[in-house]
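Reader: I have a model open and want to learn how to read it. Where do we begin?

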Amino acid sequence: MAPEITPLPIAPEAAATEAKATIDKMLKAYPAKTARKRAKQLLVNDPEAIPQIGANTRTIPGIMTQRGCTYAGCRGVVIGPISDILHITHGPIGCGYYSWLTRRNLVRPRHAGDTNYLQYAMSTDMMEEQIIFGGEKKLRQAIREAFDIFHPKAISIYSTCPVGLIGDDVHAVAREMKEELGINVFAFSCEGYKGVSQSAGHHIANNGVFKHMIGRLDEGDKAEFNINLLGEYNIGGDAWAIDEVLRKCGIHVTATLSGDVTYDQVCKAHTVDLNTVMCHRSINYMAEMMEKKYGIPWIKVNFVGAEATAKSLRKIAAFFESKKLTDRVEEVIAEGMAKLKPVRDAVTARCKGKKAALFVGGSRAHSYQHLFADIGMETIAAGYEFAHRDDYEGRAVLPTIKVDADSRNIEEITVEQDPVRYNPRKTPEQTKALEEGGFSFKDYTGMMSEMKKNALVIDDISHHEIEKLIELRHPDIICSGIKDKFIIEKMGIPCKQLHSYDYGGPYTAFEGAANFYQEIDRMLHTKVWKYVVPSWMKEPQLQATPIYNPKEPKPKAAAPAPVRKPEAGGEAIPE
Amino acid sequence: MNVTSAIDNELDEPRFNHCTATRNACKLCTPLGACLVFRGIEGTIPFLHGSQGCSTYIRRYLISHFREPIDIAASNFSEESAVFGGASNFKAGVSNVIRQYQPKMVAVATTCLSETIGEDMDRIFHDYLKESWHEGHPHLIKVSTPSYSGTHIDGFHAAVRAAVAALALPGDRTRRVNLFPGMVSAADLRHLKEIADDFGLPYTLLPDYSESMDGETWSEYEKLQSGGTPIEAIHAAGCAQCSLEFGRTLADFPSAGRFLEERFNIPNRRLGLPIGLRETDALFEALEAASGLPTPAKYNKERGRLVDALIDGHKYVFEKRAIVYGEEDLVTGLAAFLAETGILPVLCASGGKSGRLERNLREVLPMLDERTRIHDGIDFAQIAELAESLKPDFIIGNSKGYALARKLGVPLIRVGFPIHDRIGGQRILHLGYRGAQALYDTIVNALLDVKQTSSPIGYSYL
Ligand code: SF4
Ligand code: SF4
């Protein structure tokens with residue numbers, strides 16, 4: 001780890017000024033117009049008076065973003081993990097190739113011999129001919145062959161950028177094939193350029209799941225406490241860890257959208273009594289639509305962090321108003337917490353007071369703050385990659401969010417009560433009583449309400465801003481994704497990937513929390529960091545001698561790192 | 001059912017489904033190759049003219065192989081730019097990139113989107129430069145890389161050509177040699193530089209991402225990682241005595257070497273990827289000719305040790321069966337080498353489709369017979385279908401073959417790109433006698449490991 005410097009105690013006003021100064025320095029590198037736009041996305045937090053953030057706006061061309069595209073959000077994130085749908089990307093080869101098993105959304109076959117189509121990346125691999133004369137014919141052919149080879153229950157088609165422009169009608173092809181093959185075939189117009197980020201793809205995917213899957217199977221699972229887990233993608237086995245703790249409590253999950261889930265599970269998702277929402281950003285549309293159409297209420301939960309897990313379990317139990325469930329939940333919490341305590345205490349002793357910064361996704365930058373809080377670490381800066389204002393400021397601001405050209409691009413489907421299946425799970429009186437008792441439905445208050453005053457909030461952070469953050473605020477660890485990871489680590493700061501988990505996980509529920517604490521502990525304290533002196537350490541006023549354990553051999557880089565001369569890649573001077 | 005089989009006469013013949021869709025592609029997309037080349041030029045930032053998704057995907061793929069950061073800017077098309085053209089996004093993007101990175105060069109590649117809408121890049125460049133050019137403005141070059149007509153390797157070669165075409169300057173002939181190595185590893189690039197240095201030859205190695213994509217930790221923040229072919233060296237490529245380009249598929253490709261030959265009369269010598277004995281011999285012969293000097297003793301010794309090792313190991317590998325897959329030139333080089341060791345390449349497969357794979361393989365392996373199948377334009381699902389009856393002892397290629405190796409229960413020897421399930425893909429040495437030695441030891445040891453683990457006796461001497 002970087003040598004420690006005890007920070008001088010800072011007065012609150014000074015902290016605010018310092019935060020402001022950090023932002024100013026980040027903005028300085030941009031041309032005036034860009035800086036003005038960017039300034040709306042860089043804020044100093046105040047949980048009492050939450051400032052408005054310019055989230056979900058287009059990344060300015062030429063600014064290095066971590067954001068992906070609409071296609072990635074639809075095919076890669078929301079629909080991709082449904083394991084027995086055959087997924088076909090309609091487009092040139094790259095888009096399909098790059099979304100081939102890259103997200104680590106794990107699946108295990110239910111029965112020996114079950115097909116897991118996730119290992120296939122099927123693409124129509126468009127060629128010039130299709131670009132010029134249209135690709136519908138090739139798509140049709142690809143669907144027929146896929147059906148002949150695999151006989152899947154359903155086939156899903158995803159459009160990439162060129163498709164929208166050559167005017168292929170993927171929906172018409174899907175309808176035609178559905179008729180011809182007798183299985184469910186549906187398509188998504190999720191061309192990459194359609195939205196600001198992958199977030200648009202989530203919305204398009206939610207609509208599709210709602211239109212083409214949910215409600216097709218009316219026979220639900222027999223369970224007393226039956227819920228869906230929405231916005232959980234089973235990265236590194238997260239959904240399994242949550243499922244395990246829920247099962248211990250006696251709570252049954254019909255469908256996890258979307259992690260290790262089958263087509264049939266999605267089709268009967270409307271038979272549950274409660275929707276619980278993990279990642280609000282990617283799936284709140286579906287929760288809303290299911291409530292309107294089927295009368296299923298939804299609540300926000302978070303199983304990232306031990307305290308958060310306990311709180312979420314209690315909330316589910318409170319919803320069902322069952323003494324049996326409440327008692328069981330308390331037992332499971334007590335058991336989980338007791339098992340966790342030695343790890344948590346040991347790690348807290350080493351990590352307390354250290355500073356984290358999180359820049360990731362549309363929910364993890366918030367939910368993972370809970371894990372850091374569990375071990376006494378403070379989040380000094382956080383931001384999402386593709387979230388909207390409600391994920392920062394809370395759902396209260398929803399009515400005030402302006403609809404721009406990009407959001408208008410995405411279909412808003414009108415949902416009405418299902419004449420047969422609508423069945424409000426709670427009477428208005430029950431709902432009212434619950435609310436009066438402190439229970440809240442659809443209650444996402446956003447990231448900023450839970451962050452400290454004067455913490456930095458940075459939406460869609462760029463590399464340049466990360467560099468400034470490291471230089472000026474010295475976080476001890478940054479959570480981000482693969483595109484930043486190696487930049488951050490080259491500067492001597494550990495970076496935990498929160499998209500792929502650096503191939504670790506699970507991090508949810510009590511079991512996962514222990515994993516995370518230990519990993520953060522190891523990352524912070526591994527000796528390799530002693531070989532790198534972060535650049536800000538070398539500034540004259542900070543020429544503190546690194547503190548080494550005298551028993552350890554003196555690491556190489558204790559001496560100031562030599563100024564590096566790049567080797568010429570072929571010599572420069574004409575001979 | 002519209003699935004026809006490749007070979008319908010003999011029942012035992014390995015066969016695969018001819019599918020319309022590509023199932024698990026054995027190729028990546030064109031701009032990826034271009035971006036890698038551009039990051040192998042000093043102070044250059046790659047810039048994709050299209051939507052941001054392609055740039056994000058390509059970055060994540062390159063990063064997972066190299067474990068190094070790579071910034072690729074984009075003009076971030078919106079629906080509006082997709083319909084009306086991306087000229088204004090381009091302009092804004094380029095100025096923002098220049099302001100943030102202060103690059104020596106902005107290198108633009110198109111994507112399927114900008115190609116589909118038929119962006120007139122010449123006009124866009126012209127308009128941009130007319131308005132924004134000033135003394136000291138970074139170089140600006142461009143390459144057309146639609147993925148619907150080519151693979152990553154085509155993007156790679158096209159980008160090398162674009163850089164040379166834009167930057168090479170004419171002048172008096174020098175002793176300089178241009179080296180166009182193709183898409184090889186960072187370790188390969190370092191080795192080539194060492195070889196050229198040992199011959200005392202001045203050179204332009206293009207691209208050279210041996211530092212920029214396999215660098216050290218930073219003592220200062222590096223907006224663009226240092227290293228790469230100096231732009232001055234590309235200028236000087238126009239006065240070189242000759243070009244050496246690796247890759248037999250380039251025979252039909254408008255390559256950088258060919259450009260220099262046509263424009264500046266610089267003789268272009270095309271070699272195979274120097275993998276294994278004979279293809280490496282050809283490289284050293286070419287360097288002897290260019291330098292007028294004999295091969296340094298160090299390399300003769302390496303060659304001697306390699307031959308000795310082939311003898312030591314032949315009993316373990318003789319008649320072993322291998323599936324080789326990847327880019328066509330890599331497959332050709334590997335097959336040539338495997339055959340030298342006594343290993344039988346039972347399938348040479350590539351997702352590329354230059355139309356030259358079979359001819360190239362026959363050039364390096366005149367003795368090829370029906371035991372070796374050759375398929376271009378193939379995908380992993382088809383390779384897997386063929387593999388069932390080919391009974392390979394191992395497969396050799398990139399990480400994407402892992403599922404197949406697992407299914408067959410045979411080792412996967414990781415070479416090429418992408419390698420995202422092991423560390424150090426960028427440090428795998430393929431080229432030269434030294435590279436062949438490393439590959440050989442890896443292959444033999446993997447086979448010995450199988451023998452040892454599967455033996456009931458548990459040999460401790462092998
Ligand atoms: S659209 Fe083309 S350039 Fe973009 S990722 Fe897909 S194949 Fe590659
Ligand atoms: S932005 Fe468009 S072309 Fe690029 S990866 Fe996404 S869908 Fe494919």
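Author: Begin with ligand 2. By class, its shell holds six nonpolar, four polar and no charged residues. Here Ala, Val, Leu, Ile, Met, Phe, Trp, Tyr, Cys and Pro count as nonpolar, Asp, Glu, Lys and Arg as charged, and the others, Gly among them, as polar. This is a predicted model: local features need pLDDT of at least 70, side-chain atom pairs count only at pLDDT 80 or more, and totals for chains, interfaces and linings use all residues. Residues are numbered from 1 along each chain as written, chains are lettered from A and ligands numbered from 1 in written order, and side-chain values use heavy atoms, without hydrogens and water.

Reader: Where does ligand 2 lie?

Author: Ligand 2 sits between chains A and B. A residue is near a molecule if one of its heavy atoms lies within 4 Å of it. Among those around ligand 2 are Cys69(A), Cys161(A), Ser51(B) and Cys54(B). Helix H2 (residues 52–66) of chain B gives the most to this shell, three residues. Helices (H or I, at least four residues) and strands (E, at least two) are DSSP runs, numbered from the N terminus.

Reader: How do I read a helix pair?

Author: Two packed helices are described by the angle between their axes and the distance between the axes. Helices H13 (residues 328–341) and H17 (residues 432–454) of chain B pack at about 65 degrees, axes 12 Å apart. Axes are lines fitted to C-alpha atoms over the stretch in contact, with angles from 0 to 180 degrees between N-to-C directions.

Reader: Which residues of H13(B) make the contact?

Author: Leu334(B), Phe337(B), Leu338(B) and Thr341(B). Contact means heavy atoms within 4.5 Å.
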